[in-house]
Amino acid sequence: MPALDAIAFDADDTLWQNERFFRLTQDRFAALLADVAPRDHLEERLLAAERRNLGHYGFGIKGFMLSMIETALDVTGDRVPARVIREIVAAGQEMLAHPIELLPQARAAVERLAESHPLLLITKGDLLDQERKLAQSGLGDLFAGVEIVSDKSAPVYAAIFARRGFAPESVLMAGNSLKSDVIPVLEVGGFGVHVPHDLTWALEEVAPPEGHGRFHRLVDLGALPALVERIENGA
């Protein structure tokens, strides 16, 4: 078994909290429109808007804000009060300014692996927001490369690895999303390590690739250095 030439990490809900703040804002959104639509219906309409709008706005808080505004217009028949729009914008701005909360074991795992391997951060979302979060995390200097992409797919990973001079089969990617962080890396020949978060966005939910020889699942990032060692020892 060849040595791993690089270790890659996802950012949101892998290194720091993210989905939790979306859920809190969604609670606030539901409360604003509680007299117009039942929560289940509102969440269904919002998710449909997010799915429709991914191709227009991409991933991140700004697209989420616009999808909430669109949903509010839809469920009120274009009669949404201006104060509701203002509350939605304020909620999004609060999300964009929220301090980073690192997940347990994230710093220790990144620091440990940076001593022995080049590290990559591969994340999707809004460029300015992701740069802000990385700067606040205090982890930026530990990464040999940072890639902020509009989406994550097998061709995107293949291009990143090729551009940085790594053979896909020599890269391990760790993240909370099977759809974005694990399966595409397995498809190009790398190792995919699923580190589940308590909350998963509905549009990221897919079946795990059980039985794949390069698929691993960990409870948290604290177990990642030992897994890397086992892989490199051929275990």
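Two strands pair if DSSP finds at least two bridges between them, and strand β1 is joined to strand β2 (residues 119-124) by three bridges, the two strands running parallel. The model described here is a predicted one. It holds an open sheet of six strands in the order β3-β2-β1-β4-β5-β6, with parallel pairing, and a search of the whole structure finds four aromatic pairs.

- Strand β3 has a covered face made up of G145, E147 and V149, whereas V146 and I148 belong to its uncovered face.

**Helices across the sheet**

- Helix α8 (residues 178-187) lies across β2, β4 (171-175), β5 (191-194) and β6, and it runs at about 155° to β5.
- Helix α9 (residues 224-232) lies across β1, β4, β5 and β6, and for this helix the angle of about 155° is the one to β4.
- Helix α8 is mostly covered, with seven of its ten residues buried; these are L178, S180, D181, V182, P184, V185 and L186.
- The buried residues of α8 pack against β2, β4, β5 and β6, and also against helix α7.
- Just after α8, G189 takes a positive phi of about 105°.

**S177 at the start of α8**

- S177 lies in the loop between β4 and α8 and caps the N-terminal end of that helix, with a side-chain oxygen 3.4 Å from the backbone nitrogen of K179.
- The side chain of S177 also reaches the backbone nitrogen of S180, at 3.0 Å.
- The relative accessible area of S177 is 6%, and because buried means under 20% relative accessible area, S177 counts as buried.
- Leaving aside its neighbours within four places in sequence, S177 is in contact with V182, H194 and E204.

**Aromatic rings**

- Among the four aromatic pairs that the search finds is that of F9 and F143, whose ring centres are 6.1 Å apart and whose planes stand at 80°, so the pair is edge-to-face.
- This pair links distant parts of the chain, since F9 is in strand β1 (residues 6-9) while F143 is in the loop between α6 (127-137) and β3 (145-149), 134 residues apart.
- Both partners of that pair, F9 and F143, are buried.
- Another of the pairs is formed by Y157 and F161, with ring centres 6.0 Å apart and planes at 40°, so the pair is tilted.
- Y157 and F161 are four residues apart in helix α7 (residues 154-163), and they are therefore separated by about one helical turn; both of them are buried.
- An α-helix has 3.6 residues a turn, so residues three or four places apart point the same way.
- A further ring, that of F59, has K124 lying over its face, at 3.8 Å from the ring centre.

- R132 is found in helix α6, and its side chain reaches the backbone oxygen of H98 at 3.0 Å.
- Not counting residues up to four places away in sequence, R132 touches M95, L96 and A97 as well as H98.
- A108 has its place in helix α5 (residues 106-114), and at 43% relative accessibility it counts as partly exposed.
- A108 and P225 are 117 residues apart in sequence, and their C-alpha atoms are 9.6 Å apart in space.

How values were computed: Residues numbered from 1 in each chain as written. Predicted model: local features only at pLDDT ≥ 70, side-chain atom pairs only at ≥ 80, totals over all residues. Heavy atoms only, no water. Phe/Tyr/Trp six-rings, centres within 6.5 Å; stacked < 30°, edge-to-face > 60°. Buried < 20%, exposed > 50% of the residue type's maximum accessible area, 1.4 Å probe, protein only. Lys NZ or Arg CZ within 6 Å of the ring centre and 35° of its normal. Contact = heavy atoms within 4.5 Å. Axes fitted to C-alpha atoms, helices over the stretch in contact; angles between N-to-C directions. Polar contact = N/O pair within 3.5 Å; in protein donor to acceptor, adjacent residues only side chain to side chain.
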